[in-house]
Amino acid sequence: MTFDPLSPEFAQTPFEHLSAMRATGKPYVHTNTLKRLVSVFSYADCEAVLQDHEKWSSDRGESVRKAGLGDAMILLFDDPPEHTRRRNAVKRQFMPAALAGMKAAIESRVANLLSKANGKVIDFVSEIAAPLTISTIGLMLSIEEDEIAKVREWTEKLARIDGVANFLHHPDDWMEQAGSATLNEMADFFSAKIKSHRSQRNDLLSVLLASELSRDEAVSMAKFILHAGNETTTNLLSQLLLLLIEHPDQYARLKIAPELASGAIDEALRLRGSFRETERVAKLDCELSGVKVRKGDTVVTWLASGNRDHSVFVEPDRFDIARQPNRHLSFARGIHTCLGNILAKSEAAAFVGALIQHHATLELVGDNAVRWSDNPLMSGVTKLDVRITLK
Ligand code: HEM
């Protein structure tokens, strides 16, 4: 059996392909790439790799640095002790106590966006999900309303380059695609912000400035956080809405039992989490479920596959907002567990809360209401034509 995540077939039916690979019971060695890639599909293999940073490095290596992505992926591509130092510098800002101060602002943005859209046909992605997400990160990073469109363009480009780069056959292809122009523009943008920033505010930019991180590190961190939080949360909001529309029984259940909102969000993350995969590099020769892995090999952990593993989840393809337990892998595991997971979930909670409060009616509009992203490594929609009617 061959497995090519960049093939049109995979793009058409990714979950079926992943399910077939998981059923083989073993990792898959990609033979057609410049570097040796080993894909793992079971929940146990994904979790074991992600949890063991002693054995598996997050440093994606020279090829990534050459493409300019190393700097853009500060933190995510770091190993301890650098990773610990940098994560410690910002982690407090992502904890519930710091985020509590943003709750009212997020809820008021959701209310505004929904009341503007009430009863009209809208593209949910560009008119609600993306503006809400960017303006929320904007609160942390001092991004103004009129800068949102530009910011969205940058993060869309980067999201595409990010994972796909690993599977391309020629480093040149992806160096070209790496869009260093985008990264430079982002660096200029944040350098200017940092220069003029008044640090009396308790936002992330102020925390970055007051931390022991260098100016360059602070700029890279701002770039990365913007990139990490934008497409991903936009996708979560869109997928959650789409799943509720596709499963009216589950939406009806949610309206009767609003305490299931958090379960609905986790279930959307499990079934359609943004990152279908992430990677690690072997620090030594070893074995993974019977397959030999050599030092330097890149192991691709298919989160989207682990999330539908029968041995962990009953009826894994079913959307069940009351699923318990639901230890999905969509925020990964271990020291790199998504730093923004509480923020992303609180945006989704504010959105679902407003739908329930207003007994909103949800409908897809038109024959081509949904346009799926062509990025094979991210689960997302680029257009979602809906009508949301509030009562
Ligand atoms: C639904 C939305 C989100 C999803 C599905 C998601 C997913 C992930 C995943 C899978 C990782 C780990 C990747 C790896 O270990 O290789 C990660 C890391 C990270 N995420 Fe998120 N993310 C989301 C939202 C956010 C938001 C809103 C922010 C910030 C505003 C954010 C900031 C980060 C950061 C800083 C890291 C790096 C952590 C580290 O390396 O220590 N994410 N995210």
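Trainee: Which strand does Thr-278 lie in?

Mentor: Thr-278 belongs to strand β5, which covers residues 277-282. Keep in mind that this is a predicted model.

Trainee: Why is Thr-278 called buried?

Mentor: Count its neighbours. Thr-278 has 22 other C-beta atoms within 10 Å. The cut-off for buried is 20 or more. So Thr-278 is buried.

Trainee: Which residues does Thr-278 touch, leaving out those up to four places away in sequence?

Mentor: Thr-278 touches Thr-301, Leu-303 and Ala-332.

Trainee: What makes β2 and β8 a pair?

Mentor: Bridges. Two strands pair if there are at least two bridges between them. Four bridges join β2 (residues 37-40) to β8 (residues 298-302). Therefore they count as paired. The two strands run parallel.

Trainee: Where does β5 sit in the open sheet?

Mentor: The order is β1-β2-β8-β5-β3, with mixed pairing. So β5 stands between β8 and β3 in that order.

Trainee: What makes β1 and β3 edge strands?

Mentor: β1 (28-30) and β3 (56-57) each pair on one side only. Helix α3 (residues 43-51) packs on this sheet and touches β2, β3, β5 and β8.

Trainee: How many helices and strands does the protein chain have?

Mentor: The chain has 18 helices and eleven strands.

Trainee: Why is the chain called as compact as a globular protein of that length?

Mentor: Compare two values. The radius of gyration is 21 Å. The globule rule gives 21 Å for 391 residues. The values are close, so the chain is as compact as a globular protein of that length.

Notes. Residues are numbered from 1 along each chain as its sequence is written. This is a predicted model: local features need pLDDT of at least 70, side-chain atom pairs count only at pLDDT 80 or more; totals for chains, interfaces and linings use all residues. A residue is buried if 20 or more other C-beta atoms lie within 10 Å of its own, exposed if 12 or fewer, and partly exposed in between; C-beta atoms are placed from the backbone. Two residues are in contact if their C-beta atoms, placed from the backbone, lie within 7 Å. Axes are lines fitted to C-alpha atoms, for helices over the stretch in contact, and angles run from 0 to 180 degrees between N-to-C directions. The radius of gyration is taken over C-alpha atoms; the globule rule is 2.2 Å times the number of residues to the power 0.38.
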